[in-house]
Amino acid sequence: MRTHFELVIFDADGVLVDTEPQSCRIWSSALSEIALHMTADEVGELFTGLSDADTLAIISKLLDKPLPPMFLDSVARRELDLFRRELQPIPGVIGVLDCIKTPTCVASSGTHEKLEVTLGATGLLDRFAGRIFSATEVERGKPA
């Protein structure tokens, strides 16, 4: 039996692109600058999947003091710069996208700015033009 799908919804990170390795390196470096030394692997183990608010709360608790002003903005800016230079699509995803005849879109927890950078750097942005949705547009994002 063949199933017909009306729409294929892609998550961005981990499906179309993988930003985790670069993000963990940036966070590791930024944390070292504020005297919290963690490897990129440790950053990934501790913070992957957490919201920014939860991540910052844990860091503040580990430091036993508030984070410097604009810390998160600085990390986000560094991440986007690195994504622009290094990010690649998930191996094989372009071939998969070429085979899909069903309408597609992207729905992600990332901001539109991050999605534009990550999909743009990997040549995937035009494939989803006008069909990119961010959790910032809804009251309750994933997993709700």
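A search of the whole structure finds five salt bridges, a salt bridge being a side-chain nitrogen of Lys or Arg within 4 Å of a carboxyl oxygen of Asp or Glu. This is a predicted model, in which local features need pLDDT of at least 70, side-chain atom pairs count only at pLDDT 80 or more, and totals for chains, interfaces and linings use all residues. Residues are numbered from 1 along each chain as its sequence is written, and side-chain values use heavy atoms, without hydrogens and water.

**Salt bridges between separate parts**

- K114 pairs with D13, with 3.8 Å between the closest N and O atoms.
- K114 is in helix α6 (residues 112-121) and D13 in the loop between β1 (8-10) and α1, so this pair ties together parts 101 residues apart in sequence; helices (H or I, at least four residues) and strands (E, at least two) are DSSP runs, numbered from the N terminus.
- D98 and R127 form another salt bridge, their closest N and O atoms 2.9 Å apart.
- D98 belongs to helix α5 (residues 93-99) and R127 to the loop between α6 and β3 (132-134), so the bridge links parts 29 residues apart in sequence.

**Salt bridge within a helix**

- D81 bridges to R84 at 3.1 Å between the closest N and O atoms.
- Both lie in helix α4 (residues 71-86), three residues apart, about one turn of the helix.

**Helix α2**

- V43, G44 and F47 of α2 (residues 40-47) are buried, meaning under 20% relative accessible area, with exposed being over 50% and partly exposed in between (1.4 Å probe, protein chains only).
- On the other side of α2, D41 and E45 are exposed.
- Just after α2, G49 has a positive phi of about 90°.
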